[in-house]
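Q: I would like to learn how to read the features of a model such as the one shown here. Please take me through them in turn.

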Amino acid sequence: MFGYYYGFDMYYLVLIVPCIVFAMWAQMSVKSNFDKFSRVRNRRGITAAQAAQAVLQQNGVTGVRFERIAGNLTDHFDPRDNVIRLSSPVYDSTSVAAIGVACHEAGHAVQYARNYAPMRLRSAIIPITQFGSVASWPLLVLGLVLNNDMLAVIGIALFALSTVFQLVTLPVELDASRRALAAIHDGYLLDEEEYPMAKKTLWAAAMTYVAALATSLASLLRLLLIFGGQRRDD
């Protein structure tokens with residue numbers, strides 16, 4: 001089969017390995033930037049939760065609750081309950097990094113309040129993408145082993161749903177950071193020296209979503225090439 005040499009998967013080496021390296025770099029960058037700027041306290045002395053609330057107020061968004069949760073960098077906005085959940089290391093922190101993270105989650109709350117289309121689309125497709133991620137691999141394996149084109153095509157199509165999810169997620173995350181940084185700047189939540197630090201923190205986080213999309217696209221392309229190569233061999 002084209003792409004395989006003596007049992008060695010060239011597609012994996014050429015397509016997947018670079019994405020894995022990129023993803024590892026992105027994760028290390030997030031940790032490095034967060035750890036670095038977690039040691040910098042903002043001069044106004046506001047907490048991350050207060051900063052996130054300020055973002056909501058600037059955008060005229062009300063009715064959003066805040067909750068403290070366990071974990072590290074487990075912060076997220078839950079549109080089902082309209083609640084921003086901030087991890088313990090972030091909630092009461094006055095660090096520049098924590099403010100960046102909390103304001104990003106507030107950016108998601110603003111998206112939800114404004115009916116931001118990509119966010120609504122992402123929420124709508126979550127159930128089907130979850131099903132696709134579970135069902136795709138068994139169907140793919142069966143299709144390739146049994147040489148059944150229909151099963152393989154269905155498996156690839158279901159896997160492609162996860163790629164669609166990543167494709168929709170990227171603009172949602174980038175837009176949330178854009179809204180957060182605009183509010184931080186316009187509301188003078190951080191000064192001119194602190195603002196670039198928050199920006200670097202959010203930029204590093206954004207790269208993890210770029211890496212996730214790249215990995216998903218590369219994986220999908222690899223499956224298409226494997227399937228196409230098998231059909232040529234037949």
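Q: Among the contacts in the chain with a separation of 6 or more, what share do residues 24 or more positions apart account for?

A: The model is a predicted one. Sequence separation sorts contacts by how far along the chain the partners lie. Here, residues 24 or more positions apart account for 71% of the contacts with a separation of 6 or more.

Q: What pattern of helices and strands does the chain follow along the sequence?

A: The chain has 7 helices and 5 strands, and their order is β-β-α-α-β-β-β-α-α-α-α-α.

Q: How is the span of a helix read, and what does α6 reach from its first C-alpha to its last?

A: One compares the end-to-end reach with that expected at 1.5 Å a residue. Helix α6, residues 149–186, has 38 residues and reaches 56 Å, close to the expected 56 Å. After α6 comes Y188, which has a positive phi near 55°.

Q: Is N42 buried or exposed?

A: Buried means under 20% relative accessible area. N42 has 5%, and therefore counts as buried. This residue is found in the loop between α1 (10–37) and α2 (48–58).

Q: Which backbone atoms does the side chain of N42 approach?

A: The side chain of N42 reaches the backbone nitrogen of G45 at 2.7 Å, and one of its polar atoms lies 2.6 Å from the backbone oxygen of T94. Leaving aside neighbours within four places in sequence, N42 is in contact with T94, V96, I99, L190 and E194.

Notes: Residues numbered from 1 in each chain as written. Predicted model: local features only at pLDDT ≥ 70, side-chain atom pairs only at ≥ 80, totals over all residues. Heavy atoms only, no water. Helix = DSSP H or I, 4+ residues; strand = E, 2+ residues; numbered from the N terminus. Buried < 20%, exposed > 50% of the residue type's maximum accessible area, 1.4 Å probe, protein only. Polar contact = N/O pair within 3.5 Å; in protein donor to acceptor, adjacent residues only side chain to side chain. Contact = heavy atoms within 4.5 Å. Expected span 1.5 Å × (residues − 1).
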